[in-house]
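I opened my notebook to record what I looked up in this structure.

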Amino acid sequence: MKLIVNDREYEVDADPEMPLVWALRDLVGLTGTKFGCGAAQCGACTVHVDGQPIRSCVTPVSAVAGQKVVTIEGLTGKVAEAVTKAWTALDVPQCGYCQSGQVMAAVALLTATPKPSDADIDAAMDGNLCRCATYQRIRAGIHQASQTLEG
Amino acid sequence: MRFLAPKPSPQLSPALSRRRFLVLSGVAGAGLTLGLPIASAKAQPAASAAQTPFAAYLRVAPDNSVTVLSAHMDMGQGIYSGLATLVAEELGADPAQLRVEGAAGNPKLYGNLAWGGAVQGTGGSTAIASSFERYRRAGATARAMLVQAAANEWKVPASEITVERGVLTHRSGRRATFGELAERAAALPVPADVPLRDPKDWTLIGSESVRRVDSADKSTGRQTYTIDVKLPGLLTAVVAHPPRFGGSVRSFDATAAKAVKGVVEVVQISRGVAVIAEHTWAAIKGREALKVEWNLDTAEARGTAELMEEFKRLAAQPPTAVAARRGDADKALAGAAKVVEATYEFPYLAHAALEPMDAVARKDGDVLEVWGGHQMPDLYQAKAAAIAGVSPDKVRLHVMMTGGSFGRRATPDADVIVEAVECAKAIGWRAPVKVLWTREDDMQGGRYRPMYLHTVKAGLDAAGNPVAWKHRIVGQSILANSPFAAMVKDGIDPTSVEGVSDSPYAVPNLTAELTTVAAGVPVLWWRSVGHTHTAYAMETMIDQLATAAGRDPVEFRRALLTDHPRHRRVLDLAAEKAGWGQPLAAGRFRGVAVHESFATVVAEVAEIAMDDRGGFRVERVVCAVDCGVAVNPDQIRAQMEGGIGFGLGAILHSRITLTGGEVDQSNFDGYEVLRFTEMPRVEVHVVPSAEPPTGVGEPGVPPIGPAVANALAAAGRTARILPLSRGAQT
Ligand code: FES
Ligand code: FES
């Protein structure tokens, strides 16, 4: 099966039902995407497929064959830079385990909505759990990245 | 990806080692490695006790990098950044040139000084207290040696050399970096008793501009955890565990499991049956196909409802131990003008760290390597060694950054580590094995914050002063049947009663009683341990007394804390910043709580907004913390924010229940935790202090529950059965 990840093509020998998260982590070898629940409950496994954030733990690898998958390792561009810069400046992460998913969700949000309101942020981020409860800094990070993008 | 650690160099003679303070290691240039055993980049062998203690704590490399070797695991609490700050301050380094790695395997070097120094471990919010002197001294000594090396080289007095941001400068203008002098400095004798900097000269300790060492890696997916370990030929295992605690394998049929493509082996281990596969998905599918007959004859068969009934029955009987007694609480209650009573129920709680439990084991020759969350490394090293049949010094622990822990990685029976080593052994050590628990395994794997019942009776005299307090706690002991059972004295597990038996409130007659119950549900410390429940009972009861006395809750507490200035200080600060006493909008209510845990005192004021459907939202939390010297003020704030969110999620939503001995919850849908939209606005105020630092990882948790409950009480609602989402309470 052909997978396109971060603009590179991979031929993977996977059961069509294998969730994308395991194909990425175990077969392609990109471990930035994390496994947290396997049930679309936490958002740790968030990747972009054709620009949209999806939960790779409940997405069969066959469902994205031939589509453009972007993982945290392949994030590029102004929005991604603004987000990681804000995250670092504000020291958003604690254990960091959820943060690949948080950053993927935040980049998708800011790409679609460069000036999000708090309600926009709530809607985009509520599915991403952080057991360290870094939520306040995530919100601040999104606002800060949004300001950078404006300026 | 982690590069493979070079094989440790042969040990130098103790005499030579002692002279080598700085261990020089080039990541690629093996020729630069002066071989103290500690020099191997990732594997920390059981270092020789003969070497200077300082060599264990930092390395200065010719590439100008400074590597701090942490005696404490970083599970997100930021201790790596704290240690980097301590070292950089004394060393005169540029914080940007520092990196931090976990180190383990030698309690002589890494023993936790806050626990007496004999055991290495991370817990009880002790890491900064244990490290404050140790890591500053390591930095100061290294600096003295670098300065001496420059003085020798330039033939000038050492006193004419200054050090700033990783550069040594002589007043003549000659300069050198740490890296340039590292090798020569390493050859010098280690000076004793190098003075530490005067706190007034600190530029990094206490600075707002110092950032975490790991934020960039954690914001870009580069940080690796145990789950990410890559090794040639690595296999992944998932383990079928008994459906009830205390069960075991009777027999199993692996035929269907082995037919799953990618499954390599199915083996019985001490804790269940492991399906070992080429990758995670095959292991998961293989386990689905596996058939296991369990022996549940001696397994726990009770549910939490029955257990709580049992607790209630026991609460009505004499206790098994008295943890504290002053005055005569019974007599004072009999003579009290007003008596207030309450019964509290606290559920089992899962840690539910976002990285599920995992570990990796590999044995090559007679050396066993274990990658994992080594929160109690000495214990894990011994367990792993016993399984592999090697001596503990042949076990190298790779201390990984963990995706949370909240106490779960400090498991005395080393559960997931045992599983990884047993799996690798079961296949004849022919490949490294990673054991990964799925979320369901993790949620149902036990080691919960124990369930507790508290009954409290307190009395006021005619003037409204508390004169009597009778407190009974019923629940399981965390320490009994653990390697720490010796800490249970006269039947009192201090982790069951801490926060009650040592209450700071000046109540003249107090009895704290304990009834310890045996149950098959494995229990463990959970971020702030006993204080998770004791603070809730104490601080809501105090509020009730204040209400019964017709007094303001802050003023009422202050009057009972005249001997506790730190408590008063944080209480006053939180109250002031929260606008305590000022009017609130309709439907808004405030509640306050103050609690000391792990030598740090925290007060929190919660402001809630009631909605018209009987629900509420925590809108704002103002927190004041006194943790001694603030090493990294922004990280203190981060830990308070996180502790508040963590504790709030628990009191709002979280509980583990069992039915017929089986855990009912399996994932974050059934076991709910705080979500993004529920996070209140948190403001943290750090009390300036010159006292030695105390921890901040846990102490933010205890006050949030009672602060919210007290706000609810102000709104006319009582909250004595947790979590609050269990509906209307009377
Ligand atoms: S791992 Fe996919 S949502 Fe949790
Ligand atoms: S930073 Fe630890 S789970 Fe989010």
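I looked first at where the chains touch. Chain A brings 50 residues to the contact and chain B brings 59 residues. The model is predicted, and I keep that in mind throughout.

Next I checked the buried area. Between chain A and chain B it is about 4500 Å². Carbon and sulfur atoms give 55% of that. Which three residues supply more of chain A's share than any other three? I found Gln94(A), Arg131(A) and Gln136(A), with 18% of the area that chain A buries against chain B.

Then I went through the polar side of the interface. I count 31 residue pairs in polar contact across chain A and chain B, both residues at pLDDT 80 or more. On the side of chain A that touches chain B, helix 1 (20-28), helix 2 (78-89), helix 3 (99-112), helix 4 (118-125) and helix 5 (135-150) each give two or more residues. Helix 5 of chain A gives the most, with 5 residues. I sorted the residues of that side of chain A by type: 25 are nonpolar, 13 polar and 12 charged.

Salt bridges came next. How many run between chain A and chain B? I noted 6. In a salt bridge between Lys261(B) and Asp13(A), the closest N and O atoms are 3.1 Å apart. Over all chains the structure holds 56 salt bridges.

I picked out a few within chain B. Glu513(B) and Arg472(B) meet through their side chains at 2.7 Å, N to O. Glu513(B) lies in strand 20 (residues 509-516) and Arg472(B) in strand 19 (residues 466-475), so this pair ties together parts of chain B that are 41 residues apart in sequence.

Asp217(B) is partly exposed at 31%. Arg222(B) is exposed at 53%.

Glu555(B) pairs with Arg551(B) in a salt bridge at 3.4 Å. Glu555(B) is partly exposed at 37%, and Arg551(B) is partly exposed at 21%. I then traced one network of salt bridges with shared partners: Asp91(A), Arg137(A), Glu208(B), Arg211(B), Asp634(B), Arg637(B) and Glu641(B).

Last, I checked the cysteines. The disulfide count over all chains is 0. Cys37(A) is buried at 3% relative accessibility. Cys132(A) is buried, with a relative accessible area of 3%.

How values were computed:
Residues are numbered from 1 along each chain as its sequence is written. Chains are lettered from A and ligands numbered from 1 in the order in which they are written. This is a predicted model: local features need pLDDT of at least 70, side-chain atom pairs count only at pLDDT 80 or more; totals for chains, interfaces and linings use all residues. Side-chain values use heavy atoms; hydrogens and water are left out. Contact means heavy atoms within 4.5 Å. Buried area is the accessible area (1.4 Å probe) that two parts lose on being put together, summed over both. A salt bridge is a side-chain nitrogen of Lys or Arg within 4 Å of a carboxyl oxygen of Asp or Glu. A polar contact is a pair of N or O atoms within 3.5 Å; within protein, one must be able to donate a hydrogen and the other to accept it, and residues adjacent in sequence count only if both atoms are side-chain atoms. Helices (H or I, at least four residues) and strands (E, at least two) are DSSP runs, numbered from the N terminus. Ala, Val, Leu, Ile, Met, Phe, Trp, Tyr, Cys and Pro count as nonpolar, Asp, Glu, Lys and Arg as charged, and the others, Gly among them, as polar. A disulfide is a pair of cysteine sulfur atoms within 2.5 Å. Buried means under 20% relative accessible area, exposed over 50%, partly exposed in between (1.4 Å probe, protein chains only).
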